[in-house]
Amino acid sequence: MASRLRTSVQTAFSLCIMLLLSRAVLFAAEAGPSADELMQRGRAAAQQGALEEALVAWKEAAHLYDQAGQTKGHIQALSQAAHAARTLGHLNQAFLQQELALQLARKFGDPKWLALTLAELGKTYVTSHQYDTASDYLSQAAVIAQTEHFPALSAALQNDLGIVRALQGLLPEALAAFQHSTTGAQAEDLHVLAIHAHVNAARVSIQLEQFDATTTALTEAGKILFAAPASHDKVDGLINLALGYRDLASAQPDSYARSLTQSAVLLQEAATMAMEIGHARLASYAYGHLGHLYEGERRLDEALQLTRRAVFTAQSARAPESLYRWQWQSGRLLASLGKLDDALAAYQEAATTLQPIRTEVTFAAQTSLESSARSIRSLYFELADLLLQRAALMEDDSEAEPYLKAARDAIEAFKAAELRDYFRDDCVDQMQARLTKLDTVSSSTAVIYPIIFNDRTELLVSFPNGLKRRAVPVTASALTAEIRRFRRMLEKRTTREYLPHAQQLYDWLLRPLADDLRRLKVDTLVFVPDGPLRTIPMSALHDGDRFLIAQYAVAMTPGLALTDPHPIDRAKVHLLSSGLTQAVQGFPPLPHVADEIDSIHALFKGERLLDHNFLMPRLEGELKNGRYSILHIATHGQFATDVNQSFLLTFDARLTMTQLEQLVGLFRYRQDPLELLTLSACQTGIGDDRAALGLAGIAVKAGAKSALATLWFINDEASSELVAEFYRQLHDSSVSKARALQIAQLKLLSDRLYEHPAYWSAFLLLNNWL
């Protein structure tokens, strides 16, 4: 009886334990992976190139570490997540994560983690082109590493500082930093770092024309490599060293043959070793770079054979960041061999491969010192060039049109990417979600799409009866020089020196289209400008008798797929106007702004924020709580090459482009979007194509359908008169925004005080012109 009782108790106990264990397993399954498991999952995903997956895992790990109060793990997870976000081009997200990691590191009190987080934040600033700030953070990290005796970290930071100095153009300082890095790396047996620092030193020495120092640095890197066993790191080092010798060959004719041969030998060794150790991704780089050397020597068949091996190994490694380069190279080689259709297929494959990883590739290139890294722009423009060549072989216009559209689409893809890179976020993708075929909107509108090639300029024009092509025999350099002269002369209000340049540009860009425009009764021209064309007002081009604005309403858009072409609903207009009349923050007063705002409010109902009421918190409150369709900002604004230096002046602060997007971007998620953003006192620098790109994309950035803005600062009174007339015309529902601006500009042109185009042509209507 006792025995049966003990057996029953044991059985019951065992069942209880099993039940508890099963519940524990079920709870663990429901609870999901631990923070440590998520960190490992993120590392595994990153090694496979799945950075989005890695980012999600590391963010989840950071959350779990935070809940558990594990500060060190939290810092590490945030830093890893920030690194992934930075690589993916999500810079705002990377900054937020890295700033939080830095706050935690300061509280944590561990100097090594503080140095590491400072360094990672510095690298994020490098990616966003803020080199001075990046240098500050990296220098702080370097001081901690040196003071606390972290020699390995110190050596790595010297290499990072060298890269920043080189990007700043401080070449002697960069060289010194790389040399410090090599010394420290070799003392700590950090062979990979030593090789990279030596090759970086060699590249800077080439720019300084210190070729003996270049040879010494490359030789030292070679000694380290030759002593190392076969490995992933050795293959990577061989490729890096080979590219250093290639750069030396290009820079120093005396050593060309010797350096090029050395580069080829190293790449062949790297390819063989990579295949032996089973690393197809690195093998693809070795074969591809070797093919590029043969391409440079015009040994095209051998180059193509090597490049095809690079494509095959990149495909087998599932390495798109390598694959697109060699598909592109295949296209170039096939084009050089006269195989046009095969070349087109290769280029299109390269563009398709690049599309999902374009952001990562762009941001990686921005922090690279590799001298021959080809701009992504070249891929799209070379593809467009081949498509236009193919179109020229067609006998019938209807057969040529698909190739013309494909060429335009290739440039359009680049324009969207270019704007995305300038603003460094996905505002472009959000705008493209509202895609409409812009060239099918109006029967009286022609969309002019100039494409500037090195040897010629192409005009793709969407007429009401179809897409046409006009080739103009003017080179990129000649066109750019004429544009720069026109812009300089245009701002000189006391002379007519601009006129010959206005006429020359008209002859190149408009005269080839003039007969068709008249025959088809076009009244509105929408330009999608490329490069330097963004820096000038098309309305001021001149046919010898009159300005273009006297014949056509004119608008501009940064891209066909970035315009939402629906007219403004005048019945629903609600206006928020803001501006400065007083001198603040070192900028001069704008006394006529008050009259400008009064005249607008006489036409449209709404609210106004003037001078001391034009404060950042007040503006934020109005935009969050109000239902405005027009935002009018009459204040000083500046657009710079670097988006971080672009701003609009408020009474108490400077409104950055990121802040503007955060405020105005709220309208994207409302039923009634922001119809019009007006900036009536902006300026961009002469010859600053990137600043003009920022101005052109301001509506996209702000989530507005249209923007009215100025290329340069003009007379305050003239600006107020033009803006007031624009709004008076806009009040009429039968008048498009482009026509309203045309009438306002013609009014100033007819006034003897303001007839010079410096006064009226600076105003651009951007994006939606209806």
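**Close-up views of a predicted model**

**Figure 1. R518 and D515 are joined by a salt bridge.** In this predicted model, the closest N and O atoms of R518 and D515 are 2.6 Å apart. Both residues belong to helix α24, which spans residues 514-519. They are three residues apart, about one turn of the helix. R518 is exposed, with a relative accessible area of 54%. D515 is likewise exposed, at 56% relative accessibility. Elsewhere, salt bridges with shared partners link D385, D455, R456, E458 and R469 into one network.

**Figure 2. A salt bridge connects E401 and K405 within helix α20.** The side chains of E401 and K405 meet at a distance of 3.6 Å, taken from N to O. Helix α20 covers residues 397-423, and the two partners are four residues apart in it, about one turn of the helix. K405 has a relative accessible area of 35% and is therefore partly exposed, since this class lies between the limits of 20% and 50%.

**Figure 3. R487 pairs with E491 in a salt bridge.** Side chains of opposite charge can pair when their charged atoms come close. For R487 and E491, the closest N and O atoms are 2.7 Å apart. Are the two partners buried or exposed? R487 counts as buried, because its relative accessibility is 1% and the class takes in values under 20%. E491, at 28% relative accessibility, counts as partly exposed. Across the whole structure, a search finds 29 salt bridges.

**Figure 4. Helices α11 and α12 pack at an angle of about 160 degrees.** Two packed helices are described by the angle between their axes and the distance between the axes. Helix α11 comprises residues 211-226 and helix α12 residues 232-251, and their axes lie 10 Å apart. The angle makes α11 roughly antiparallel to α12, because angles over 145 degrees fall in that class. The crossing of α11 past α12 is left-handed.

**Figure 5. Residues of α11 and α12 make the contact between the two helices.** On the α11 side, the contact is made by F211, T214, T215, L218, T219, A221, G222, L225 and F226. On the α12 side, the residues are K234, G237, L238, L241, G244, Y245, L248 and A251. Which classes of residue make up this contact of α11 with α12? By class, there are 10 nonpolar, six polar and one charged residues.

Key. Residues are numbered from 1 along each chain as its sequence is written. This is a predicted model: local features need pLDDT of at least 70, side-chain atom pairs count only at pLDDT 80 or more; totals for chains, interfaces and linings use all residues. Side-chain values use heavy atoms; hydrogens and water are left out. Axes are lines fitted to C-alpha atoms, for helices over the stretch in contact, and angles run from 0 to 180 degrees between N-to-C directions. Angles under 35 degrees count as roughly parallel, over 145 as roughly antiparallel, 65 to 115 as roughly perpendicular and the rest as oblique. A crossing is left-handed if the near helix is turned anticlockwise from the far one by less than a right angle, and right-handed if clockwise. Contact means heavy atoms within 4.5 Å. Ala, Val, Leu, Ile, Met, Phe, Trp, Tyr, Cys and Pro count as nonpolar, Asp, Glu, Lys and Arg as charged, and the others, Gly among them, as polar. A salt bridge is a side-chain nitrogen of Lys or Arg within 4 Å of a carboxyl oxygen of Asp or Glu. Buried means under 20% relative accessible area, exposed over 50%, partly exposed in between (1.4 Å probe, protein chains only).
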